[in-house]
Amino acid sequence: MTDAPSCAGCVGLRERIAALEASSAEKDKAVDKAFGELSRWQISANEWRATLSDERNRMVARTELDAKLEVVNTAIRGISRLALAAVGTGLTVGFGILALALQHR
């Protein structure tokens, strides 16, 4: 490239072009840094998402838990009735204590 004839307006223009080129390089550097940070954030988010998915797979579903608790509660009510019947007949003291404990539950 050949040097253009120098003139007062051309010198100011060259300085402005040089400043714009420097500014553009700084902006490119900032964009590259932002993309690097975004990439690291995405990796971290994916790891967190995978951990959350693993936790969800290990947990019992609410409906399954409710069904199992209903079975346990039905069994407790049955034992409580048996214990109360045993107390009425004087069979054992242990059933009486169990029945009293279950009633206050």
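Reader: Hi! How many helices and strands does the secondary structure of the chain come to?
Author: Hello! There are three helices and zero strands in the chain. Please keep in mind that this is a predicted model.

Reader: Thanks. And what pattern does the chain follow along the sequence?
Author: Reading along the sequence, you get α-α-α.

Reader: What does the pLDDT of the chain average?
Author: The average is 80, and 71% of the residues score at least 70.

Reader: Changing topic: what share of the residues counts as buried?
Author: Of the 105 residues in the chain, 7% count as buried.

Reader: Which residues make the nonpolar surface patch?
Author: Val-31, Phe-35, Leu-38 and Trp-41 make a patch of about 440 Å².

Reader: Where does Val-31 lie?
Author: Val-31 belongs to helix 1. Its relative accessibility is 41%, so Val-31 counts as partly exposed.

Reader: Let's talk charges. How many salt bridges does the structure hold?
Author: Five salt bridges are found in the structure. In general, side chains of opposite charge can pair when their charged atoms come close.

Reader: Okay, which residue forms a salt bridge with Glu-55?
Author: That would be Arg-58, and the closest N and O atoms of the pair are 3.5 Å apart.

Reader: Is Arg-58 buried or exposed?
Author: Arg-58 is exposed, with a relative accessible area of 61%.

Reader: On to helix 2. Which residue forms a salt bridge with Arg-62?
Author: Asp-66 does, with 3.2 Å between the closest N and O atoms. Arg-62 and Asp-66 sit four residues apart in helix 2, residues 62–89, so they too are separated by about one helical turn.

Reader: And is Arg-62 buried or exposed?
Author: Arg-62 is exposed, and its relative accessible area is 61%. Asp-66, at 38% relative accessibility, counts as partly exposed.

Reader: One more pair: what do the side chains of Glu-64 and Lys-68 meet in?
Author: They meet in a salt bridge, at 3.3 Å from N to O. Glu-64 and Lys-68 are four residues apart in helix 2, so the separation is about one helical turn. As for accessibility, Glu-64 is at 38% and counts as partly exposed.

Note on methods: Residues numbered from 1 in each chain as written. Heavy atoms only, no water. Helix = DSSP H or I, 4+ residues; strand = E, 2+ residues; numbered from the N terminus. Buried < 20%, exposed > 50% of the residue type's maximum accessible area, 1.4 Å probe, protein only. Salt bridge = Lys/Arg side-chain N within 4 Å of Asp/Glu carboxyl O. Patch = residues over 30% accessible without salt bridge, like charges linked within 9 Å, V, L, I, M, F, W, Y side chains within 5 Å. Areas by Shrake-Rupley, 256 points an atom, 1.4 Å probe, with all protein chains shown as cover. pLDDT = per-residue confidence, 0-100.
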